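Let's take a walk through this structure together, strand by strand. Have the picture in view and trace each piece as we get to it.

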Amino acid sequence: MTARLQGGCHCGAQRFSAPAPESVTQCNCSICSKRGTLAAYYAPEQVELSLSPEVLGAYQWGDRMMTFHHCMACGCGAFDETPAWTTDEGEARPARIILNARLFDELDLAAVPVRIVNGRNA
Ligand SMILES: [Zn+2]
């Protein structure tokens, strides 16, 4: 069985666990570059969230497809959610939870392949 990794924001209010990511995504779109996150994509059932809703912030912009969650106590961008959706070409995309891989407690990010996505010009 693959070991699950624990992670969370700096103050510990928002915690999560998930399987170790096989790769992480660095995107240069306006929000990803400003938040500085490395994205690890999961099916919702793969992720266990242990959250403190009273200090969990949510941010949406543009088409409001994605919700970006951050900890209001310590400021870390923690995870994002996207519902199932269909592309303009009619391609079905499943719901995803996107964890900020920088928040895993013990993950050697230097050993994880980084996928670069040109979200700015997508
Ligand atoms: Zn926090």
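Start with the hairpin formed by strand 7 and strand 8, which has five residues between the two strands. Find Gly75 in that turn: this residue has a positive phi of about 90°. Keep in mind that you're looking at a predicted model. To see how they line up, look for Thr67, which sits opposite Glu81 in strand 8.

What holds paired strands together in general? Strands of a sheet pair through backbone hydrogen bonds, and they can do that either parallel or antiparallel.

Next, move to another part of the chain. Here you'll find an open sheet of three strands, in the order 1-2-5, with antiparallel pairing. Which strands are at the edges? They are strand 1 (4-8) and strand 5 (48-50), each of which pairs on one side only. From one strand to the next, the twist averages 20°.

Zoom in on strand 2, residues 15-19, and strand 5: they run antiparallel and are joined by three bridges. Ser17 has Glu48 in strand 5 as its bridge partner.

One last thing to look for along the strands: in a regular strand, the side chains alternate between the two faces of the sheet.

Technical notes:
Residues are numbered from 1 along each chain as its sequence is written. This is a predicted model: local features need pLDDT of at least 70, side-chain atom pairs count only at pLDDT 80 or more; totals for chains, interfaces and linings use all residues. Two strands pair if DSSP finds at least two bridges between them. Helices (H or I, at least four residues) and strands (E, at least two) are DSSP runs, numbered from the N terminus. Axes are lines fitted to C-alpha atoms, for helices over the stretch in contact, and angles run from 0 to 180 degrees between N-to-C directions.
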